[in-house]
Amino acid sequence: MRHLIALFACSLAMAGASASDPAPKPAAPAKPVAEFKASDAKLDGKSADVKAILEGKGSAPAKPSIKPDLKTAAVRTQAPAAAAAAPAAHDEDQSEVDLSVRIAERLAQLREQQAARVASAARAKKAADAKRRKEAEAAIAAANKPKNGTHWTYEGEYGPANWSNINSNWAKCSTGNRQSPIDLRDGMKVDLEQIAFDYHPTSFSEIDNGHTIQVNVGGGNFLTVGNQTYELQQFHFHRPSEERINGKGTEMVIHFVHRSFEGKLLVLAVLLERGRANSLIQTVWNNLPLEKLTSVSPSIVLDPNEGLPEKREYFTYMGSLTEPPCTEDVLWIVMKQPMQASPAQMALFSRLYPLNARPVQPSNGRMIKESN
Ligand SMILES: [Zn+2]
């Protein structure tokens, strides 16, 4: 019977301990049982079976057919009157009580150890979670860190697809939805208002800015369209043309960049085809700076009118700068009639900039208006 008591107490205790363990491991009881060996040296021969039970290899494993009788066990352990009838029986009962107490103590110890293991695992999980969280935060912080690169190109690692990753202020290059250039097609043919040019021969300076040849012009050159007047700031060149008309580009393009008094931008594009020499381009090529990023100011004047085609029909749409920072809200005017430049003039620029054109951007359903 005492075997049954021990077995029952043991199974109850272990069931309780297991219930509090979210991830019980099969090998978990091995360690506490090994510790038990040292302390049970004093136990008499009767305890051998109990020890075996606690070690999980006892001679009296729980047999499904034997059901522990709690009531009988209680009567036996709590009925000293019956036991007093015979001193030998009393001793035996007393030793069973002692045994039960020791088993209860040992099981309590096992439960404590198991709880400690659970707590330790929880602490380890918490630490691992905290580490993961910290790493994720660091990655986000690195991604959000302001970038202030200034070097960009038309190809490779610093090319158009990566402009927005170079400098935080250039985000529009990838997130903007009104970017330039675009392929001009399906325009709304209407009677567009005439552009009034008020250009004059003007002083100028030239710079090879590392992306193109740019000509900064003196003040006093105006363009008026839509009841808004813009002043010419500079013009520069791209090869091939950035803009396309019904999918077709030209060998080069000139961009005349204007600014209104309120700071609004207007860029007028004049496409260049192979043909006769262009006097405006010749003046610019004649005065090319010898070194990059060094501005030269010739003691002559140039006439921006020489860069305008005879016919004044145009396309117009809202877009952006075609280089970083890709600023939007730029009014574009693309002249329908191309101008000509000689093969020699084209070849000279191609030695400096064989490719300095941003790829065509999605038009995203923008309205394109076109002269009738
Ligand atoms: Zn341009």
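Tutor: Two strands pair if DSSP finds at least two bridges between them. Helices (H or I, at least four residues) and strands (E, at least two) are DSSP runs, numbered from the N terminus. The model is predicted: local features need pLDDT of at least 70 and side-chain atom pairs count only at pLDDT 80 or more, while totals for chains, interfaces and linings use all residues. Residue numbers start from 1 along each chain as its sequence is written.

Student: What is the bridge partner of Met252 in strand 10?

Tutor: Strand 9 covers residues 252–260 and pairs with strand 10 in the antiparallel sense, over 8 bridges. The two form a hairpin with 4 residues between them. In strand 10, the partner of Met252 is Leu272.

Student: Which residue in the turn of that hairpin has a positive phi?

Tutor: The turn lies between strand 9 and strand 10. The phi there is about 95°. The residue is Gly263.

Student: Which residue in strand 13 does Arg274 stand opposite?

Tutor: Strand 10 also pairs with strand 13, in the parallel sense over 3 bridges. Opposite Arg274 stands Ala341.

Student: How many of the residues of strand 10 are buried?

Tutor: A residue is buried if 20 or more other C-beta atoms lie within 10 Å of its own, exposed if 12 or fewer, and partly exposed in between; C-beta atoms are placed from the backbone. Strand 10 runs over residues 265–274 and is mostly covered. Of its 10 residues, the buried count is 7.

Student: Why do the buried residues of helix 9 line one face?

Tutor: In helix 9 (residues 279–286), the buried residues are Leu280, Ile281 and Val284. Look down the helix axis and take the directions from it to the C-beta atoms; the arc is that of these directions. The buried residues line one face because they fall within an arc of 95°.

Student: Which helix do the buried residues of helix 9 pack against?

Tutor: They pack against several elements, including strand 4 (204–208), strand 5 (213–217) and strand 13 (339–341). The face turned away carries the exposed Ser279 and Asn286. The helix is helix 10.

Student: Does Asn305 count as buried, exposed or partly exposed?

Tutor: Asn305 sits in the loop between helix 9 and strand 11 (314–320). Contact means C-beta atoms, placed from the backbone, within 7 Å; Asn305 touches Phe197 and Tyr199, not counting residues up to four places away in sequence. Because Asn305 has 13 C-beta neighbours inside 10 Å, the class is partly exposed.

Notes. Contact = placed C-beta atoms within 7 Å.
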